Amino acid sequence: MPLNENFLQELKYKTDIEDVVSTYVTLRKRGNTSVGLCPFHNEKTPSFTVYNDTQSFYCFGCGAGGDAIGFIKKIENLDYIDAVKLLAERAGLQMPQDGFDDSISKKRRRILQINREAAKFFHSYMMSPQGKVGYDYFINRGLTPKTISKFGLGYAPDSWDLLLKHLKSLGYGYGEMLDAGLIKASKHNSYYDFFRNRVITPVINVRGNVIAFGGRVLDNSKPKYLNSPDTLAYKKTNELFALNYAKDSGKDTLILCEGYMDVISMHQAGFTNAVAGCGTALTSEQVRLISRYANEVILAYDADEAGQKAVHKAMSLFKNTDVKIRVPRFSGGKDPDEIIKKLGRDKFKGMLEGASNDTEFSLLEIREKYDLETTQGKIDFVRDALKIISTLQPVERDLYLTRISNELSIEKASLKAQLQSLMKNKRSRDEKNHFKTIVNDYTRNVTRETYDTGISHRQTKAENRLLTLLMVYPDCSKLLNDFDSNRLSDGFVKKAYSVILERIKDGLDLDLMSFGDTFTDSEYARLSRLINDNCESNDSKSEFKDCLNIINDEYNKRNSSSPSNLSEDEFRNLFSHLNK
């Protein structure tokens with residue numbers, strides 16, 4: 001059941017999409033719109049556009065679009081009702097007591113309640129005599145009782161279903177425990193605990209909710225680590241461990257680590273701005289989350305080969321953001337936890353303070369590959385170094401060229417000439433590739449429309465325009481007369497056409513927010529694109545009639561070629577030449 005109209009109208013009047021988006025995205029004015037780097041994919045050139053006139057957004061890079069509710073849904077990973085609640089709270093509005101379907105929201109809240117009870121169970125069990133093995137593990141790793149308590153660390157019993165029975169006694173059902181990822185079903189339709197005989201680290205989000213768990217074995221059995229699956233309350237690619245503490249550290253720098261134990265050790269040592277990914281390699285969603293809380297990130301990954309590969313991936317993900325990157329050179333241990341234990345807090349702090357920026361780090365790496373005492377070594381180093389320098393801003397390029405010139409005794413003018421040649425060739429390649437991508441995408445889309453769906457590009461354009469005109473100029477609906485909606489494309493077009501007409505018939509508003517949760521995210525994005533794509537018309541009714549004529553014409557073309565769709569006279573005419 002959708003939210004009632006009066007509430008949505010009030011929410012619409014008290015919500016400005018630019019104000020909402022600007023808390024997550026840096027926007028700049030461009031005419032009647034505002035643009036910025038899309039928070040939903042990595043990009044160098046802003047393609048994310050906010051339309052104040054229609055209170056909507058659309059990204060021409062990834063196709064994300066919608067209204068303020070859709071934006072909050074996507075960026076906060078919330079369902080429709082929870083996104084509305086967040087905006088209502090922001091606007092100082094009370095949610096209506098009835099008139100909406102809160103089932104998904106209730107299920108999500110139920111999962112959070114179960115998780116909190118599970119976290120209490122794991123911690124209490126560890127603090128009991130039966131769970132001493134888990135407590136000893138953390139103490140032996142150098143954690144204090146205060147740290148153990150702060151992070152709510154626990155231990156999952158070496159038992160088949162002890163957690164399950166505990167949650168059952170609190171009134172939770174098997175289905176709810178499955179939804180939370182705390183139990184699994186066996187082949188014989190019985191259930192057992194997902195985490196068993198493991199030390200447990202709860203994952204807590206910035207709102208203080210327990211959303212997931214990480215479990216580690218106490219011996220050498222496999223898998224070494226076990227993490228909660230994705231649920232309605234948790235998506236591992238969107239979360240950062242310990243961000244709930246790091247966001248309150250008072251620093252505009254976050255220290256990004258590989259594992260939970262690294263983070264916990266660092267917080268205990270006073271580095272309260274440390275965070276980690278949740279059982280997965282760094283994702284673009286986590287990068288965007290970091291950019292909301294920090295201006296700089298220190299990549300404190302392990303010193304082994306896997307850790308250095310992770311550094312390079314992270315650098316590439318951060319390259320298209322405004323977040324500055326620094327990379328420390330660790331020694332004396334394989335990871336932050338080990339270094340702090342062996343060398344102490346101050347030595348580790350010195351390594352962090354001496355961290356290089358991403359350019360320095362990359363140049364140091366390639367410097368180690370070549371023998372700069374030889375001519376060939378210098379040539380190879382300069383070739384690779386200029387590729388890195390070519391991506392920098394003019395002032396930075398000049399500074400690094402000066403440094404390399406002085407260090408290698410090479411004329412700066414020669415380096416500059418080689419750099420300009422490299423950049424010119426790269427620009428030419430990029431332009432060709434960009435043009436090729438545009439042509440290929442257009443060709444692929446037209447081909448898909450024409451052959452995969454049987455709908456011509458001409459009809460697709462007419463249908464899109466028809467929907468736009470109906471939303472912006474609802475009086476056009478009076479021209480439909482005997483139009484057969486079955487001639488429209490199946491799927492989104494028919495659905496949108498039906499919903500729009502229903503709202504026109506009931507005299508309701510046609511702005512995006514009024515459609516509630518009627519559409520999927522992709523359908524919402526498409527609708528957002530339509531209402532912002534040349535929505536004005538000099539003669540809306542004439543244009544609307546043209547759209548109807550094109551749709552009818554294309555429908556007739558598709559169906560006239562089949563003998564079964566011909567009248568008797570038309571069928572006989574097909575063979576009239578045989579009688580001549």
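The model is a predicted one, in which local features need pLDDT of at least 70 and side-chain atom pairs count only at pLDDT 80 or more, while totals for chains, interfaces and linings use all residues. Residues are numbered from 1 along each chain as its sequence is written, and side-chain values use heavy atoms, with hydrogens and water left out.

Taken along the principal axes, the box filled by the C-alpha atoms of the chain is roughly 95 × 80 × 55 Å. The chain holds 24 helices and 17 strands, where helices (H or I, at least four residues) and strands (E, at least two) are DSSP runs numbered from the N terminus. Of its 580 residues, 47% count as buried, a term that stands for under 20% relative accessible area, with exposed meaning over 50% and partly exposed in between (1.4 Å probe, protein chains only). Among contacts (heavy atoms within 4.5 Å) in the chain with a separation of 6 or more, 62% join residues 24 or more positions apart.

An open sheet of 5 strands runs in the order β1-β2-β3-β4-β5 with antiparallel pairing, two strands being paired if DSSP finds at least two bridges between them. Its edge strands, each pairing on one side only, are β1 (28-30) and β5 (65-66). Strands β1 and β2 run antiparallel and are joined by 3 bridges, with Arg28 standing opposite Val35 in β2. The hairpin of these two strands has 2 residues between them, and in this hairpin Gly31 takes a positive phi near 65 degrees. Within β2 (residues 33-36), Thr33 and Val35 point one way and Ser34 and Gly36 the other way, and all are buried. On to β3 (residues 48-51), β2 is joined by 4 bridges in an antiparallel run, and Phe48 in β3 is the bridge partner of Gly36. Further along, β4 (residues 56-59) pairs with β5 in the antiparallel sense over 2 bridges, and Phe57 stands opposite Gly66 in β5.

Rolling a probe the size of a water molecule over the atoms shows where empty space is left. The structure holds 2 cavities of 30 Å³ or more, a cavity being a set of points, on a 1 Å grid over the protein atoms alone, where a 1.4 Å probe fits but cannot get out, and lining residues having an atom within 4 Å of a point. The second largest cavity has a volume of about 40 Å³, which is the space filled by probe spheres set on the points, with grid points joined across faces, edges and corners. Its lining consists of Phe151, Pro202, Ile204, Phe241, Ala242, Asn244 and Tyr245, and the elements giving two or more residues to it are β9 (198-204) and α10 (243-246).

Helix α12 (residues 284-293) has as its buried residues Ser284, Gln286, Val287, Arg288, Leu289 and Ile290. The elements that cover these buried residues include α10, β13 (253-257) and α13 (305-318). Met315 is found in helix α13 and is buried, with a relative accessible area of 8%. Leaving aside neighbours within four places in sequence, Met315 is in contact with Leu299, Ile325, Val327, Asp358, Phe361 and Ser362. Of these, Asp358 is 43 residues from Met315 in sequence and 7.1 Å away in space, C-alpha to C-alpha.

How values were computed: On a 1 Å grid over the protein atoms alone, a cavity is a set of points where a 1.4 Å probe fits but cannot get out, and a pocket is an open set with protein on both sides within 12 Å along at least five of seven lines; lining residues have an atom within 4 Å of a point.
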